[in-house]
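Please keep the model open while you read.

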Amino acid sequence: MKKKISIEGMSCQHCVHHVKEALGELEGVKAVRVSLDAKSAEIESDGEVEDAKIRAAIDEAGYEVTGIQ
């Protein structure tokens, strides 16, 4: 499954690394791509990853989720 996450607050590659690391630690996530320019991330997972868990991981990393598709 794939999900696209819109994220506010990223301003550099260090931010991208933090978001990638936070999402990569979620259970079932097998691939993470983060775009600083697009202010978004895309995850690929084996099964359903709850939106609440995605929001919590990004929030804990210090960024804000503005949407999940």
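This is a predicted model: local features need pLDDT of at least 70, side-chain atom pairs count only at pLDDT 80 or more; totals for chains, interfaces and linings use all residues.

1. Residues are numbered from 1 along each chain as its sequence is written, and side-chain values use heavy atoms, with hydrogens and water left out.

2. The structure holds zero disulfides, a disulfide being a pair of cysteine sulfur atoms within 2.5 Å. Cys12 is in no disulfide, since the nearest cysteine sulfur, that of Cys15, is 3.7 Å away, which is too far for a bond. Cys15 is buried at 8% relative accessibility, whereas Cys12 is partly exposed at 30% (buried means under 20% relative accessible area, exposed over 50%, partly exposed in between, with a 1.4 Å probe and protein chains only).

3. There are six salt bridges in the whole structure, each a side-chain nitrogen of Lys or Arg within 4 Å of a carboxyl oxygen of Asp or Glu. One of them joins Lys3 and Asp51, whose closest N and O atoms are 2.5 Å apart. Because Lys3 lies in strand 1 (residues 2-8) and Asp51 in helix 2 (residues 51-61), this pair ties together parts that are 48 residues apart in sequence. Helices (H or I, at least four residues) and strands (E, at least two) are DSSP runs, numbered from the N terminus.

4. Lys3 is buried, with a relative accessible area of 13%, while Asp51 is partly exposed at 34%. Together with Glu48, Lys3 and Asp51 are linked in a network of salt bridges.
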